[in-house]
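Trainee: I have not looked at this one before. Can you walk me through the structure?

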Amino acid sequence: MALIEQDREDLFRDGSAMRVRGEATIDGTLWLFGFRSQGQATLYAGPDHVFQFNADGQLRRIFLLGQRYVTSNGRLKVLQLHSRGERLKLSSYLVEDHEQQRLLSQLDELLLTLKHGIADPSIVWKTEGIDVDGFRERVVKWLASLATPVPIANIVNA
């Protein structure tokens with residue numbers, strides 16, 4: 001676990017792909033939220049909850065508690081790596097409807113926490129690429145632009 005947490009700390013410092021990013025502790029959890037150059041957003045809530053969006057605010061990838069999910073034709077798929085001797089094989093399968101809904105509900109809860117955390121003046125945000133007020137404003141605008149429920153992208157790399 002410590003290695004993962006160290007990777008998270010490095011992400012804020014070295015996460016140059018997210019030109020605009022902010023980090024804060026919310027309810028005892030270290031959060032990182034940032035934007036890539038084309039407006040794609042990424043949300044990290046602790047080391048085990050990562051949600052990536054495309055520039056249109058569509059969910060495109062999830063890393064959750066060690067499990068990887070990608071999007072395909074508006075659905076979530078689980079990615080699994082299998083070791084076959086010296087070779088690794090990647091397999092995937094669509095998640096069932098109830099599992100997809102559970103994941104989207106978790107995302108909704110995290111986005112609500114982010115919304116409260118960005119609006120709470122007592123939460124101290126450390127930012128890169130923008131001042132704190134500009135960061136808060138940009139995140140509020142991004143959150144307001146999201147459709148409800150958050151749509152799932154047709155392709156993972158859009």
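Mentor: We will go through the overall layout, then the strands, the rings, the pocket and a few backbone details.

Mentor: Keep in mind that this is a predicted model.

Trainee: Fine. How many helices and strands does the protein chain have?

Mentor: The protein chain has 3 helices and 9 strands. Along the sequence they follow the pattern α-β-β-β-β-β-β-β-β-α-β-α.

Trainee: And what share of the residues is buried?

Mentor: Of the 158 residues in the protein chain, 39% are buried.

Trainee: Let's take the strands. Is β1 mostly covered or open?

Mentor: Strand β1, residues 20–26, is mostly covered, with 6 of its 7 residues buried.

Trainee: Which strands does β1 bridge to?

Mentor: β1 runs antiparallel to β2, and 7 bridges join the two. One place to look is T25, which stands opposite L30 in β2. β1 is also joined to strand β9, residues 126–128, by 3 bridges, again antiparallel. There, R21 has E128 as its bridge partner.

Trainee: What sits between β1 and β2?

Mentor: The two strands form a hairpin with 2 residues between them. D27 is in that turn, and its phi is positive, at about 50°.

Trainee: Is D27 buried or exposed?

Mentor: D27 is exposed, with a relative accessible area of 74%.

Trainee: Which other non-glycine residue has a positive phi?

Mentor: N73 is one, with phi near 55°. N73 lies in the loop between β6 (67–72) and β7 (75–84). N73 also counts as exposed, at 64% relative accessibility.

Trainee: Is β4 mostly covered or open?

Mentor: Strand β4, residues 49–53, is mostly covered: 4 of its 5 residues are buried.

Trainee: New topic. How many aromatic pairs are there?

Mentor: The structure holds 5 aromatic pairs. One of them is F35 with W142, which is edge-to-face, at 6.4 Å centre to centre and 75° between the planes.

Trainee: What does that pair tie together?

Mentor: F35 is in strand β2 (residues 29–35) and W142 is in helix α3, so the pair ties together parts that are 107 residues apart in sequence. F35 and W142 are both buried.

Trainee: Which residues make up the ring cluster?

Mentor: F33, F35, F53 and W142 are linked by ring pairs into a cluster.

Trainee: What lies over the face of F35?

Mentor: R138 does, at 4.1 Å from the ring centre.

Trainee: Now the largest pocket. What is its volume?

Mentor: The volume of the largest pocket is about 260 Å³. Two or more lining residues come from each of α2 (97–119) and α3 (132–145).

Trainee: Which element gives the most to the lining?

Mentor: α2 gives the most, with 4 residues.

Trainee: Which residues should I click on?

Mentor: The lining includes D108, L111, L112, K115, V140 and L143. T148, P149 and V150 are also among the lining residues.

Trainee: How does the lining divide into nonpolar, polar and charged?

Mentor: The lining has 9 nonpolar residues, 1 polar and 2 charged.

Trainee: You named T148 and P149. Is the peptide bond between them cis or trans?

Mentor: The peptide bond from T148 to P149 is cis, with omega near -5°. Most peptide bonds are trans.

Methods:
Residues are numbered from 1 along each chain as its sequence is written. This is a predicted model: local features need pLDDT of at least 70, side-chain atom pairs count only at pLDDT 80 or more; totals for chains, interfaces and linings use all residues. Side-chain values use heavy atoms; hydrogens and water are left out. On a 1 Å grid over the protein atoms alone, a cavity is a set of points where a 1.4 Å probe fits but cannot get out, and a pocket is an open set with protein on both sides within 12 Å along at least five of seven lines; lining residues have an atom within 4 Å of a point. Grid points are joined across faces, edges and corners, and a volume is the space filled by probe spheres set on the points. Ala, Val, Leu, Ile, Met, Phe, Trp, Tyr, Cys and Pro count as nonpolar, Asp, Glu, Lys and Arg as charged, and the others, Gly among them, as polar. Rings of Phe, Tyr and Trp (its six-membered ring) pair if their centres lie within 6.5 Å; planes under 30 degrees apart count as stacked, over 60 as edge-to-face and the rest as tilted. Buried means under 20% relative accessible area, exposed over 50%, partly exposed in between (1.4 Å probe, protein chains only). A charge sits over a ring if NZ of Lys or CZ of Arg is within 6 Å of the ring centre and within 35 degrees of the ring normal. Two strands pair if DSSP finds at least two bridges between them.
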